[in-house]
Amino acid sequence: MSARRPDIFYIHLLRFIAAIAVIAIHVLGPLRGGYGVIPDHQWFGAVSINALTRWAVPVFMMISGALLLSDTRPFDNRHYLQRRLGKVVVPFIGWTLIYAAVGGFSGGQWSASDTLAIIEASPNEPVWYHLWFFYDFIPLYFVIPLLAPLLHRMDPERVKLLIAAWMLLTLMHLLKVETPLRQNILLYTGYLVLGWYLFNRDNRPQLKIWLVLGIGSALLNVIGTWYASEAKGAYSSLFMGYKTLNTVLIGGMLFVLAQSYADRIGAGAKKVITSISTYSLGIYLVHPLLLIPVRDLENGVYGWFGHTLIGIPVITVVTLLVAWAITAALARIPAINRLVP
């Protein structure tokens with residue numbers, strides 16, 4: 001169980017673009033609710049970027065499915081809990097405490113009682129907005145060891161049927177059709193299976209189909225969000241779900257695109273992409289600290305750039321680079337490096 005998994009560049013590329021997308025989502029977060037408050041063109045610029053980046057977390061889950069479900073080595077429970085699950089749980093607990101401490105600051109002063117109250121509520125509510133991911137992701141680590149042997153024994157046609165059934169469920173979730181099957185653990189497990197399926201086959205013959213479905217879904221996100229918000233008179237998140245069919249199709253398209261074209265990227269760019277990918281979990285955990293002054297609308301940071309279509313990408317790239325540098329530095333410090341694996 002000590003052998004390392006193969007280093008596959010297109011997986012690094014997917015982590016890289018997902019890291020950028022998730023930071024962009026958090027950068028623009030405070031602007032989503034600005035419908036009717038900020039100029040329409042500014043608001044539409046922000047929600048358009050939002051609509052085009054909602055695949056970020058699902059792609060991370062697809063990568064996990066691709067790699068962990070493809071591991072054919074004999075299962076070792078102790079190794080799995082310590083090395084695989086521990087790599088996620090330890091940072092989650094550590095950063096929960098860190099962000100709880102940050103949350104205790106108000107008006108320039110820190111309140112121990114406020115921090116303790118945040119920690120006490122943390123079993124049911126993430127202490128910071130980005131930590132929700134772990135509440136849904138950690139349970140998947142208990143699904144993977146049970147799911148892997150089943151998938152390895154199933155013929156491809158049955159796997160296709162399983163994925164089709166899951167996609168139908170994501171469509172039902174988008175349309176808000178009531179069913180007891182609309183559970184997070186089922187909806188997110190589908191991303192694991194889809195990632196494993198795409199990872200273990202040549203998808204280039206289906207690339208055009210994925211492009212049509214993915215680009216069509218991206219356009220639906222942008223146009224549909226504008227239309228639904230106009231009808232509602234406020235921001236509508238109808239097309240922004242992580243567990244809806246439109247997001248599934250965009251995520252699948254990006255996976256197949258990366259699989260097909262990643263090797264065309266130059267050696268220098270590959271080195272940077274691989275490094276950022278390697279530190280992607282740490283970047284995910286660190287970057288909200290950098291966005292605290294940005295997301296405070298009273299500071300007017302968004303207005304420095306003239307338009308959201310300029311400001312959001314610039315802030316996203318700067319945040320990515322700074323978080324990358326911080327994470328790389330922390331990863332070199334014994335003990336602390338367990339917080340940024």
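The chain splits into two domains: domain 1 covers 11–53 + 267–340, and domain 2 covers 76–264, with the bounds coming from an automatic or database domain assignment. This is a predicted model, in which local features need pLDDT of at least 70, side-chain atom pairs count only at pLDDT 80 or more, and totals for chains, interfaces and linings use all residues. Residues are numbered from 1 along each chain as its sequence is written, and side-chain values use heavy atoms, with hydrogens and water left out.

Taken over C-alpha atoms, the centres of domain 1 and domain 2 sit 18 Å apart. Contact here (heavy atoms within 4.5 Å) links 27 residues of domain 1 with 33 residues of domain 2. The size of an interface is often given as the accessible area lost when the parts come together. For this pair of domains the buried area comes to about 2700 Å², with 75% of it on carbon and sulfur atoms; buried area is the accessible area (1.4 Å probe) that two parts lose on being put together, summed over both. On the domain 1 side, Y35, L285 and L339 lose the most area to domain 2, and together they account for 21% of what that side buries.

What holds for charge pairing across this interface? The rule finds zero salt bridges between domain 1 and domain 2, a salt bridge being a side-chain nitrogen of Lys or Arg within 4 Å of a carboxyl oxygen of Asp or Glu. Polar contacts do turn up: seven residue pairs across the interface, both partners at pLDDT 80 or more. A polar contact is a pair of N or O atoms within 3.5 Å; within protein, one must be able to donate a hydrogen and the other to accept it, and residues adjacent in sequence count only if both atoms are side-chain atoms. The elements giving two or more residues to the domain 1 side that touches domain 2 are α1 (9–28), α2 (40–51) and α13 (280–295). Helices (H or I, at least four residues) and strands (E, at least two) are DSSP runs, numbered from the N terminus. Helix α13 gives the largest share of that side, nine residues. By class, the side has 20 nonpolar, three polar and four charged residues, where Ala, Val, Leu, Ile, Met, Phe, Trp, Tyr, Cys and Pro count as nonpolar, Asp, Glu, Lys and Arg as charged, and the others, Gly among them, as polar.

Over the structure as a whole there are five salt bridges. One of them joins R73 to D71, with the closest N and O atoms 2.7 Å apart. E157 and K160 form another, at 3.3 Å from N to O; because these two are three residues apart in helix α8 (residues 156–174), about one helical turn separates them. E157 is exposed at 53% relative accessible area, while K160 is partly exposed at 37% (buried means under 20% relative accessible area, exposed over 50%, partly exposed in between; 1.4 Å probe, protein chains only). E178 and R182 also pair up, at 3.9 Å from N to O.

Turning to helix α9 (residues 184–199), T189 lies in it and counts as buried, at 13% relative accessibility. Its side chain reaches the backbone oxygen of I185 at 2.4 Å. Beyond neighbours within four places in sequence, T189 is in contact with L140, V143, L147 and N184.
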